[in-house]
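Subject: Structure handover and notes

Dear colleague,

I am passing on the structure below, together with notes on what was found in it. Please read the notes with the coordinates open beside them.

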Amino acid sequence: ATILCAEPRSRLWPVNARSHTELAHRMVAKMAASAALLMLLLAASALATELTFDMEPHERECFIELAEKGKELGVEYQVVYGGKLDIDVEVLLGDQVLWREQRQQTGSHAFLAPETGEYEFCFSNQMSTLAHKTVYVDIHFTEEEPILESMEDHLTALTQVESSLASIHDSLRKVSDYQTHHRMQEATHRHSAEFMNNRVQWVSAAEMMLLVAISLFQVIYLRSLFSESPNRW
């Protein structure tokens with residue numbers, strides 16, 4: 001009886017150890033695949049040019065983006081603060097003007113590249129003589145490349161992990177766009193509030209000095225009325 005009980009245990013123990021080892025290897029493989037897909041997500045998010053820059057009066061700034069024929073390009077801009085919050089925008093292909101807006105605070109435009117080449121996105125503050133302006137711009141390809149190889153041919157069904165990562169990528173992109181929009185709005189409103197605060201402080205200081213001057217004048221005038229030789233002014 002002792003031998004019969006010992007034999008099944010000796011036979012079952014290696015099988016259980018092997019199953020645990022295979023399960024561990026599968027978990028490590030899934031974690032490695034998830035890490036690789038996450039790196040693809042991060043690489044896919046680097047397809048846009050997003051920056052904030054300053055412009056002096058009578059200044060013109062241009063940014064160049066190389067695009068192939070048929071690719072869809074998009075540009076979004078907003079004047080954060082400065083002057084009347086207006087700017088002139090142009091999209092150029094060589095000497096050809098593809099799109100233009102004048103004296104606008106914010107706007108966006110998307111277009112298909114008519115040919116392969118370098119596209120210039122120019123911002124002009126030449127209408128201002130004294131106003132210094134800060135401008136936010138986002139130049140991007142509206143048609144994003146697939147973040148997974150299996151999404152290119154549309155023939156292979158996505159696994160649950162791949163579908164979850166693609167959904168997370170879309171959600172993060174939307175959250176990033178919302179954060180950028182609200183950050184620009186907050187910067188514009190903060191600048192307006194600080195500007196009004198400085199104006200109120202200067203006006204309050206001028207009123208205080210005026211009240212002090214009027215008080216001194218009244219004291220001196222009243223004292224002159226009761227002096228021996230009053231000065232009627």
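Two strands are taken to pair if DSSP finds at least two bridges between them, and strands (E, at least two residues) and helices (H or I, at least four residues) are DSSP runs, numbered from the N terminus. This is a predicted model, in which local features need pLDDT of at least 70 and side-chain atom pairs count only at pLDDT 80 or more, whereas totals for chains, interfaces and linings use all residues. Residues are numbered from 1 along each chain as its sequence is written, and side-chain values use heavy atoms, with hydrogens and water left out.

The sheet

E4 and E7 run antiparallel and are joined by six bridges, and within this pairing Leu93 has Tyr119 of E7 as its bridge partner. On E5 (residues 96-104), E4 again pairs in the antiparallel sense over six bridges, with Val89 facing Glu101 of E5 as its bridge partner. The hairpin of E4 and E5 has two residues between the strands, and Gly94 there takes a positive phi near 70°. Taken together, four strands form an open sheet in the order E2-E7-E4-E5, with antiparallel pairing. E2 and E5 are the edge strands, each of them pairing on one side only, and the twist averages 15° from one strand to the next (axes are lines fitted to C-alpha atoms, for helices over the stretch in contact, and angles run from 0 to 180 degrees between N-to-C directions).

Buried here means under 20% relative accessible area, with exposed over 50% and partly exposed in between (1.4 Å probe, protein chains only). Leaving aside residues up to four places away in sequence, Val137 touches (heavy atoms within 4.5 Å) Thr49, Glu50, Leu51, Phe53, Phe63, Val75, Glu76, Tyr77 and Phe123.

Aromatic pairs

The structure holds seven aromatic pairs, where rings of Phe, Tyr and Trp (its six-membered ring) pair if their centres lie within 6.5 Å, and planes under 30 degrees apart count as stacked, over 60 as edge-to-face and the rest as tilted. Tyr77 and Phe123 form an edge-to-face pair, at 6.1 Å centre to centre and 65° between the planes; this pair links distant parts of the chain, since Tyr77 lies in E3 and Phe123 in E7, 46 residues apart. Both Tyr77 and Phe123 are buried. Phe111 and Phe121 form a tilted pair, at 6.5 Å centre to centre and 40° between the planes, and both are buried. Ring pairs also link Phe53, Phe63, Tyr77 and Phe123 into a cluster.

The helix and a loop

Helix H3 (residues 160-225) has 66 residues and reaches 96 Å from its first C-alpha to its last, close to the 98 Å expected at 1.5 Å a residue, the expected span being 1.5 Å times one less than the number of residues. Among the buried residues of H3 are Leu165, His169, Met184 and Ser224. In the loop between E1 and E2 lies His58, whose C-alpha atom is separated by 9.5 Å from that of His132, 74 residues apart along the chain.
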